[in-house]
Amino acid sequence: MDNNALIKIDKITKVYNMGMTEVYALREITMDVKRNEYLAIMGPSGSGKTTLMSILGCLDSPTSGQYFLENEEVGSMNDNQLAEIRNKRVGFVFQTFNLMPRANCIKNVELPLIYAGVPQEERIERAIKALESVGLGDRMHHKPPELSGGQRQRVAIARALINNPSLIFADEPTGNLDTKTGEEIMHLFYELWKNGNTIILVTHEEDIARHARRIIKLRDGLIIDDYINQNPIYA
Amino acid sequence: MERLLDTIRQAFDSIRSQKLRAFFTLLSIVIGVFAIMFAGSLVTSIDTTVQGQIDALGENTFFIFRIPNIMLGGGDWHKYARRPLINQKVYNSFRDKMGSNVLVTGMAKSAGYVVKHNILATDPDVTLVGTDENYFLTSNYDVQDGRALTKTDIEYKKDVAIIGNDVIVKIFPRENPIGKTIKINNRPYTVIGTLKPKGALLGQSQDNLVILPLSQFLTYFASDWWSDITIIVRAPDKISLSYLIDEAVGSMRIIRNLEPWEENDFEIETNQSLADQFGSLTGFLSYFGFFSGLIALLAAGVGITNIMLITVKERTREIGIRKAVGAKKRWIVSHFIFETITLTMIGGSVGIFFGILAGGLLGILAGTSFVLSIKWIIISLSISLVLGLISGVFPAYRAASLDPVEALRYE
Ligand SMILES: Nc1ncnc2c1ncn2[C@@H]1O[C@H](COP(=O)(O)OP(=O)(O)OP(=O)(O)O)[C@@H](O)[C@H]1O
Ligand SMILES: [Mg+2]
């Protein structure tokens, strides 16, 4: 295994205890992700994609196994340290956007900076920049319900980018969008990757996965395939 | 600062999204804070007023009444009603028995008279006081202009009167009353003096009176079968007070022909004992106010906790988002506690506002110099703060300990 890997997981297992039965969402998964990889995690519904992403993003903790993020063991960290990682090193983009409906775009995007203790003026400045970079310069004072799905997902991406994280997770980012809008969002990810970000994309659509440079396939909580995409879109 | 505004805004959002529940909860905070503050302020102001009166009367004075002056919790009416009157004869013998070196005065009063001067007349609410020359030495009434009653006025049943300020205002708006004639029940009296204004005590004006010689009063404004004289005795100093009280009890028992096994058929009260009775009344009031306030606040606390729990539940997803982008536990805890405190402070402030309003109103109506102490405002605000803190802790911890993944999945 590569010691310079950004992410290194070793025999990660996640079990959900449902009373009498145990649901194995992940079974002893071992893998690495290097810096500036563009990785798609694929698999049918219920195969454990979201579970894996949540663990990699420090939103969730595994039942067993070890996780090293930039050579630090995540399992030994407390709640505050995990919050710090989610705040500074990780950016999430969700299928359902997960924006705060009553706050305008700037307020939504600046949220991570509040918890990072950035002063208000700088927050607003950076939020505006991030919104401009996703092409929403003219929608900054709108609230999510006033935006289209594609625009909402752009806001979510701007929020994920605001703290310059080294890792961006996207769980079915185009799942709620039409093909054309989805393509536009994928172009944004492509540009992020070009600029040096590491991107981990969860999807069950081949068309979306084809943007990635590496593809991991999951089934029933196991990695069944892990390969380099030979002809990605936007070469 | 901006975070504070955000919190306040969110507190208002919580109120808005649960209008009815919030209304009743805030109402119980308002009632609770109002009751506590009002009871506190009221007691403070009554105490100040009463203490002021007692200080003015002097602590060396005691009274003999037929029946107790203040009765808490009913008292034995039948017993008191059967007691014989303290009439002129009793008073005269008492005065003789006590000797001339002790200041003794008798006082009888009757309310609801009209006092006239030429065409001007008062309302039928003037109190007539019949008394003697010692009254001005034992009471805290002072003569402003003219003169006080003399022994001769009493002995010769003179048609003279000393009038209080309220009467002067009504019937002598522009004249000097001294030497003029007033009429009460068509009997003419010459005004020989005026009283120094005293203002109101517990809502009662103390200046709406006319003082007549006791003999005049008893003859024309009281009949023998109900003239009830209050005897006032002033001891020269505090040391002789208890001795004089013993002597007064002895004299009264002899006059009343009481056997040794019979109990007194009169009441002896000192200014201090009157103050103590008053104190127990205000004490009762304040405990009652404080207690009912506390119960209201307890109910409010439960209500607030409930509101916040619902708020937390409604905002589960938002909490999940906040955690996902890096909010630490303590941020979420403090956020929800602040939000709860904002809620209780709103209720508390409204309660204080009504407390001040009611206090001012009572002050005007009752004439007590209402002391709305800053102390009680601060106490009420602190109570609201603590209430918010206590009822916010549980919902806040529940919010902070939400699992981010679960919270994000929450519909
Ligand atoms: N909170 C939970 N409690 C119980 N079981 C769960 C929970 N979360 C996930 N699971 C189970 O774990 C397994 C993997 O779920 P996961 O959400 O990771 O699948 P997924 O690959 O993301 O599926 P989809 O494509 O439908 O989003 C599923 O069988 C699911 O039922
Ligand atoms: Mg999923």
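Which residue of chain A forms a salt bridge with Lys328(B)? I looked it up in this predicted model. The partner is Glu84(A), and the closest N and O atoms are 2.6 Å apart. I counted a salt bridge when a side-chain nitrogen of Lys or Arg lies within 4 Å of a carboxyl oxygen of Asp or Glu. By that rule, two salt bridges cross the interface of chain A and chain B.

**Ground rules**

I numbered residues from 1 along each chain as its sequence is written, with chains lettered from A and ligands numbered from 1 in the order in which they are written. Local features need pLDDT of at least 70, side-chain atom pairs count only at pLDDT 80 or more, totals for chains, interfaces and linings use all residues, and side-chain values use heavy atoms, with hydrogens and water left out.

**Interface**

I then took the contacts (heavy atoms within 4.5 Å). On the chain A side 24 residues take part, and on the chain B side 18. The buried area is about 2000 Å², with 54% from carbon and sulfur atoms. Buried area here is the accessible area (1.4 Å probe) that two parts lose on being put together, summed over both.

**Cavity**

I searched a 1 Å grid over the protein atoms alone for sets of points where a 1.4 Å probe fits but cannot get out. Points were joined across faces, edges and corners, and volume is the space filled by probe spheres set on them. One cavity of 30 Å³ or more turned up. The volume of the largest cavity is about 80 Å³. Its lining residues (an atom within 4 Å of a point) include Phe92(A), Arg159(A), Ala324(B) and Val325(B). Helix H2 (79–88), strand S6 (90–93) and helix H5 (149–161) of chain A each give two or more residues to this lining. S6(A) gives the most, three residues. Helices (H or I, at least four residues) and strands (E, at least two) are DSSP runs, numbered from the N terminus.

**Sheet**

I traced an open sheet of four strands in chain A, ordered S2-S1-S4-S5 and paired antiparallel. Strands S2 and S5 (72–73) are its edges, each pairing on one side only. Pairing needs at least two DSSP bridges between two strands. S1 (residues 7–18) and S2 (residues 21–33) of chain A share nine bridges.

Methods:
On a 1 Å grid over the protein atoms alone, a cavity is a set of points where a 1.4 Å probe fits but cannot get out, and a pocket is an open set with protein on both sides within 12 Å along at least five of seven lines; lining residues have an atom within 4 Å of a point.
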